[in-house]
Structures are given as structure tokens and as C-alpha cells.
Amino acid sequence: MKILFFHPHRQRVSGGLTYFYELARFIGENTEHETYVMNFKHAHINTLYNNTDLKILNYEDEYDFIDEEFIFFTYLNMIPTFLQRFHKLKNAKVFIINFHVSSWNILFNHLNEKRIAYKKNLIELFYKTNSLVFMDNVCCHQSSAMLGKAFPEHYVPVFSKPKILKKEKTITTFINENEINIAYLGRLDNDKIFVLLNLLEILNNIELIDKKIVLHIIGDGNSAHLINFQKYKNIKIFFRSFLENEYLEEYISNKVDLGIALGMASLEFAKESIPTIIPPFVGKDMPFDKFIWLNECDNKTLGVDIDGISKLGLNFYSLQELLEDFITPNRKQELSQLVYRYFKNNYHINTSANLFLNYILQTNLRISDFLKVRKIKNFICNANFAIKHHYDMNDFLKLQNKKNLPPFFFKAFFIKKLLTDRLKKDIELNSTETYTKNIYSLFGLTIIKTYLSSSFYIVKYFGFNIYRTKTNKTSKRYYFSKIKLLEKINNNNELKITLFHFIPIYRNKKSYDNYYLAIQRHYETVRQNIKHNIIKNQSKIRVGFYTMGVFSYESLYKAMERSDFFEPFILIIPDVSRSDRTECISQESYERFKNNYNNVFLGYDSKTKTYFDYSDKMDIVFFDNPYPAMAHKYHFIDHFINKNVLTCFQNYGFFTLKYGLDHIAKKPFYNMCWKVFVDSYETYNELKIHQPLKAKNTFVSGYCKMDNLVNFNQEKKKRKRILLCPHHTINMKALQISNFLKYSDFFLDLPKLFPQIDFIFRPHILLFWTLKHYWGEEKTNKYLETMKSNPNVIYDDNMSFYFQSFADSDAIIHDCGSFTAEYLFTGKPACYMLMQEDDVSNKFLNIGQKCLENYYHAFNKEDIINFIQDVVINENDTLKESRELFSKYLKLNYPFVGETILKYIQDEILK
């Protein structure tokens, strides 16, 4: 046989995808059958099979060898997409699996079919042709109930990824005797997020006598932002995003007492002998407190919805009952043995493959049978029309799910939708410019006339106004950008973009929300243009990184260099607000960056005083500066709003201070970005409350700058070293955190007070520039020379590579903002210089306050001396355990934040 496994999906981690890939791979390697998998070209899962013999085909490409001799295997809710792609192979056979309790609903939503009788007709087609198999009993019973008669119990069950099954091991002890370390494993997308939210609600109200509850969340997705981590105060939560292969196995083995997961994810725990719980598959109605031990499932389910619970005849328990049972003496050992034996006896890939090959021979369903169904014929016709005009299936399905029409009416609806949805609330009609009439051919169907007058913007369709709105006569400035809405046919039959999009620059505060949302809608159009260009031209995405010398995106940049999807380059630009220091620094940074990175360019020529505009040479831009006063207009976000460029940012420092909310997050720059990547869920929750855009453009990635710390090791030394890092804000009213003027003389005394200690003196890179304007150049230079003259002082003035100092030090004393979190990545003792007791609550955000809970605080010289003597020299480090634990909590996705951002952007572009 020639079998094609059809499951085009861009989810980075998915049990369904893994099932298809592994099944195809196993059959291809162990039988004489030809097997192929078809997916999107840039799907992340494809990279996991680069070194295998699995034949992966691109959904976007045409293949002459795929003919009617193939048998196609697909997922129930993928049928519409499959038929659009292969409807011409009418005699080819089709084999279907019902893999999820929501599959039927998704299928009928795609077809916009609500009538019960017509649903039954389609289900009957699968029944008569013997073409439907099931993942488990729940899927089979659900389908039988919908049809009104019993389907044959044909199961091709899930399995864990193949590995050499280890000898049965007994797990008796807990990771920590005072805790239960529970792990939830699964995607955090909209179809599963409520399973986790339900679990969190219940866990937060459970009280155990001897143990605290620690929850490790392993996974990520488009609905992770719905988790309010601050709400669950009775649980210690660690967020670990995606883990794969050996990284997942290692994490589960070393950090988890008890697993909770649905579907194939549950087997990841079982094969490591971790006792496993199956949660209920729930929607928004919570909480629902009925759970199952995996080893008691009797091979009936790996995930059940609320409606199916009463039909299974299994033992369901409250989570409180399960946890109390779990912590009784010897119970963990018993469950560990039971779950591993259950896994070993029931979930083999060779069993599933044999069943698959047996049942696939029995299918009599052909593509021609589907084409007799009117709803399916309409779907294919409409999808072909949309795809012909550069709408991919995901875009089309969003439209189709809203309104289903016969082909002729759909064309008219599609045109109107295309015009009105993209124009509505985005185009502002305040311009004084007038455009003469132009004639357009839209999809070859009609004549469109567009013009601006002083009163109306009108689009005419067969003589009717399909969009009409009054203008606001108030004079305002505008961003002007071209957006692909109408296609003008030139004499040479080439297409040109011809409809215009206006976004106002200045609006009153009441209108800011609409203003920022309009920009986001503009970005959506840009994203689709980039996506279509990639698919059509097979080109790479050009990504520009603007930096003033302190580069926060190293791991992301290097990940993009390794990628076949991105083409990154770096642009060194000056700080125009400090021109007396930045011209030479820009050239110095350029030379330094050229030695460390490829594709580095200068954004400014100091000889000719010329600023270079690279905006037309990129698809995505990353900024490292959010302040308009510091950047030339070519190098700031305002210049990019009228371009076909997506704008991105991650804050140059960890978001610990309230200053960041008032002077960065609430300002236009932060809200005008396409995507802002933030360091923690605490930061996300702050933005959701205080940011004008309410975190709608935010993704919680972790802190990219710190990824590179993993490459620095402590040098061997006999003497202890302390980092001394005073901040530069000595005369800055908005950010009063620097204590340098208070302790400047004392800092000079420290090397003499502790001659047995080496001090790494690393002030903020702007401190001495600020001091020259405050003290004068002579006094500033003299101070620095005095400090450097101490034999036990190491002066570190490296602009960006301070990680070696982090690695070599044994402790730190500072009053900086970003270092508050950054140094905790090392797990080493830290002392923060505060002005007064209420500084922590008055000046720091929630994540900053949590950081300072793991700091020693200094309000005077004696506190600093005590820290050095007691904590560093005598090693009486009372915060060590809590600090090291919190360090792990801070390291969200570390050291793979750059790769996390890359994968997120790729998924967003191609969604």
C-alpha cells in the first residue's frame, strides 16, 4: 500500500501530530508499505524528524506521484481541509480516526452544519463504509450515541514515543519530603486551557496535613495568558513552557512525584513510573472535581468530557481524595509499579500499527462519496475561490465558520467581507487629501470606484455603497501606509497595491485604545502579506535588530542565524540624546559586533552626519530602546507604522520597577509594537491591569538577555570576589534608586576594610557620564583613578558582556533595577542598597518585590559591612535555600528564551 498521513498543523507540540508521525515512521521502517506524512513546510515538528527516514511532504507543494492508488489517513476534523487539497483524486480511498471528543463539533462547525438529520447522514456514511476508527472507548461511544447505533469497536490506540523500555523501577521517596511536586503536561491552547484552570481552582483549595503543593506546568499555547498566577496563593507554581524528548524525560524523572495529563501526554509520566492522574475534559463551567487514576482506566480513556463520565463505569475521585491517598505510606511505591505495568501492557506502537494495518484494508470510503454531500461541495468550491486569491485555509476557515453560503453568494460575500472588515475602524477619514477616481478589477468580477471627498469615503460595488462613514473634520496628522485590499490591473497584467490606509498619529487619551487597536489591525494585514510572500516565493523573513551597543537579543539572533526561516542582521545606531558620548561608542560597538556576529551594519555615518534608513529592507524589526528622545526618527517605531514591517521589543532590563510601568509600558511605543516579549507572568499581569493595550500584544517568553549566562563559568580563584554595582540615577527624580552619592567615599574605603576580598567595581555604564555633568570631569576622573589604584579592585567597564563578572563573583552589592532579577539567576547571595524601608513597596513591582525577598537589605554602611562579614566571609547565608529555589522560578524558558521567541514568531506569522 501507499499511505499518506494527512495532518497539516502548526502546533509546536501536539499529541495528534506525534501520533501521526510516529505511526507513519514505524510502518515505513518495519513494513514494505510506502508511508508519507503531509504537513506545512515550516511546522516545528518536522525538525524533530530531520535525522530519520520519514518522508515528509509539504502541504503547500504539488506532487505528481500522489494518485488514486494512495490510501489517505486523516483526523476527523481535518476532512474539509483534506478534501480541498485532494478532491480531484475521486477514486482514492480514505481512512479516518476520531481522536478527540470535540472532533465532531469541529467538523460540523467547519461545514457550518447545524441540522441533526444532515449530521447523521454524514456519520452514516462513515458507518456504511467501515472507514472510522477510534482512539478509545469514549470516542467510540460518543459517535455511536450521535448515530443511534453502535459503531464497530475498532481502536487504534495512542502510544508513547518508542524507546527501549527500562526495567520496572520502584519510586518510593518524594522529591522533597515536605512537598508534593505535581506536574501538569499539555498544550495551553483554547481547547485545553480550562482543564488546567479547573485543576488550579481545585488545587488552590486543597489542604494537606504534612505537605505543601508545588505545581510544575509543562507546556505553552495561545491561551496561557488566561492563567492568573497571582490568584493561586496556596500553590507554588513553576512554569516550564515546552520540553521535548530527553529534556522532558529528565525533568519528569528528577522533579515530579505525581503527573496530571490528558491523552498521549499522560503516557510520558507512565513510562517513567510516575503515578498519573487523568483530569476531566472541561469547558468554562468550573470547578469539576472528578479525576481518575490512569492505572484504573482499564484502557477505556485517556481523557473524558463531563457528559461521558457516567457512562464509563470507572472509579472517579475528588482530587483531595486522590492526594490524601497518594501521600499515605508506601502508596507512591504501589502506584508507581501499577502505572508502569499498565503502560507496558497497553500502549505499544507495534500493537497500534498492526491494528491500523488491519482496519485500513477494510475501508470502502472514497473521495467521490464525500463529493456527493452538498455542504462539502460548497465548502470545496468556496475554499478554492479564497485560496486562489491568496487566503490560506486557516484564514478561510475563520471566515467560513462565521457564515456559510453557496459558492456564488460566497464570492459576493467574500468581496464585501474583504473590503469592509479591513476598512472598518482602521481607516480614519480626516485627511484633507483628495484622490481622483480609479477603476479596479476585483477578482475579475466587477468594477470598483474609490475616492476620498471632504465628507465620505466610498467603495462602490455594482453601484451600491458597501462602506460609508462620515469624516471628523478636526485637523490631525496621519501615518500613511499601503495595504493590499484591492488589486489594480495594469496594462502588463501586473498587480499593484492601490487602496490606502490611514492611522492618526495624535489622538486624545479617550481614543488611545481605538488608536492602538487600529495599529494592531494594521499589523494583521502586514502579517498576512509576509505570510503570503513566504509561501508564494519561498523567501526568508528579514529581521533587523537596532541596538545602541548593549545587545539583549544574542540568543535570539544566533537562533535566527541557524534557522532556514529567518535572515537576521544587526544595525548599530547612536543615542542621539547623549551625542557627546555615543559617536565614538557607536564605532566601537560596530567593530566589536563585527567580531561576534554576521551581517552587522552602521545606522549612522559620523563623518557625514548621515542617518541611514533600513526600514524597507526588513520584514520584522526588534528595538532595544523604548525612548523617542534617544533615537533618530529613522530608528524609532513611529517611522515603521507606515511600512510593511512588524515591530517587536523586549525590555532592555528585567521589569522589576514601577518606573517601567509609568515611563515605558504606558507610553505609545510599548503599545504600538506588534509584539512585546516579557520576562514573567507577574509582568504580564501588571500589563493586563495598567497597560493601555491591556497586554493584547504581549507574549510571556522569559528573559532573552540572560540565555547567554549559561556559557560563562567561574574561573578558579583562591580569594572571594564581590561585585559592587552602583546605579547612575543620582539626579533623576522619576527613578530615585541610586545611593552612589551617599556611599561614594565609603566605596573607596571598602577595599581597605576587606583586603582579603577582591571587589569587581562595575558601575552602570552611564554613571561616570552622569558624574562628569554633576561633579565635573576632573573630580570624576580622580575618583575613578583612586578606585582603580586599589590592588584588590577589578574595574569592569565592558558595555554589555558582564556575565563573566557574574560568574566570577561570589556575591553582589548594588542598587540597580534590572540586576535585581538578573543576578538571582546565579543563585549567589545579594545585597540591595535601599534608602528607606518602604522603598520595596513604593518603587518595585510584584516581581521586583519577590526578588528582594531573597536579598539582604542595606540601609547604611554597617548593613553593608555585616553582609560582607557574615554572609560572604563567614558564609552564614540564611537566604540560600529560598534564593536558589526562587532562582529556578525566575528562569522561565532559560536558557532557551531566544529559541522560544523564534518559534513563537514563526508560529504567529504562519498561523
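Reader: Ser-144 first. Buried or exposed, and why?
Author: Keep in mind that this is a predicted model. Ser-144 counts as buried because its relative accessibility is 13%, and the cut-off for buried is under 20%.

Reader: Where is Ser-144 found?
Author: In helix α6, which covers residues 137-147.

Reader: And which residues does Ser-144 touch, not counting those up to four places away?
Author: Lys-149, Ala-150 and Phe-151.

Reader: Zoom out. How many helices and strands in the chain?
Author: The chain has 32 helices and 35 strands. Of its 911 residues, 59% count as buried.

Reader: What about contacts between residues at least 6 apart: what share join residues at least 24 apart?
Author: That share is 71%.

Reader: Give me a residue pair separated in sequence. Which C-alpha atom lies 5.7 Å from that of His-348?
Author: That of Phe-159. His-348 is in the loop between α11 (331-346) and α12.

Reader: How accessible is His-348?
Author: Partly exposed, since its relative accessibility is 28%.

Reader: On to sheets. What is the strand order in the open sheet of 6 strands?
Author: The order is β3-β2-β1-β4-β5-β6, and the pairing is parallel. The edge strands are β3 (55-58) and β6 (132-134), each pairing on one side only. From one strand to the next, the twist averages 25°.

Reader: What packs on that sheet?
Author: Helix α12, residues 349-360. Helix α12 touches β1, β4, β5 (93-98) and β6. Its direction makes about 110° with that of β1.

Reader: How many bridges join β1 to β4?
Author: There are 5, between β1 (residues 2-6) and β4 (residues 70-75), and the two run parallel. Ile-3 stands opposite Ile-71 of β4.

Reader: Next, β33. Which way do its residues point?
Author: Strand β33 spans residues 811-814. Ala-811 and Ile-813 point one way, Ile-812 and His-814 the other. All are buried.

Reader: How does β33 pair with β30?
Author: In the parallel sense, over 4 bridges, with β30 covering residues 720-725. Leu-723 has Ile-812 of β33 as its bridge partner.

Reader: And β34, how many bridges there?
Author: There are 3, joining β33 to β34 (residues 830-833), again parallel. In β34, Ala-830 is the bridge partner of Ile-812.

Reader: Change of topic: rings. How many aromatic pairs does the structure hold?
Author: It holds 82. One of them is Tyr-546 with Phe-640: the centres are 6.1 Å apart and the planes sit at 70°, so that pair is edge-to-face. Edge-to-face requires planes over 60 degrees apart.

Reader: Where do Tyr-546 and Phe-640 sit?
Author: In distant parts of the chain, 94 residues apart. Tyr-546 is in strand β21 (residues 541-547). Phe-640 is in the loop between β26 (620-623) and β27 (646-650).

Reader: What's the relative accessible area of Tyr-546? And of Phe-640?
Author: Tyr-546 has 1% and is buried. Phe-640 has 0% and is buried too.

Reader: Which residues form the aromatic cluster with Phe-6?
Author: Tyr-36, Phe-40, Tyr-59, Tyr-63, Phe-65, Phe-70, Phe-72, Phe-82 and Phe-86.

Reader: Which charged end sits over the ring of Phe-86?
Author: That of Arg-85, 4.9 Å from the ring centre. Elsewhere, the charged end of Lys-211 sits over the ring of Phe-174, 4.2 Å from its centre.

Reader: One last residue. Where is Gln-906?
Author: In helix α32, residues 897-910. Gln-906 counts as buried, because its relative accessibility is 12%.

Reader: What is Gln-906 in contact with, leaving aside neighbours within four places?
Author: His-42, Phe-565 and Phe-566.

Definitions and conventions:
Residues are numbered from 1 along each chain as its sequence is written. This is a predicted model: local features need pLDDT of at least 70, side-chain atom pairs count only at pLDDT 80 or more; totals for chains, interfaces and linings use all residues. Side-chain values use heavy atoms; hydrogens and water are left out. Buried means under 20% relative accessible area, exposed over 50%, partly exposed in between (1.4 Å probe, protein chains only). Contact means heavy atoms within 4.5 Å. Rings of Phe, Tyr and Trp (its six-membered ring) pair if their centres lie within 6.5 Å; planes under 30 degrees apart count as stacked, over 60 as edge-to-face and the rest as tilted. A charge sits over a ring if NZ of Lys or CZ of Arg is within 6 Å of the ring centre and within 35 degrees of the ring normal. Two strands pair if DSSP finds at least two bridges between them. Axes are lines fitted to C-alpha atoms, for helices over the stretch in contact, and angles run from 0 to 180 degrees between N-to-C directions.
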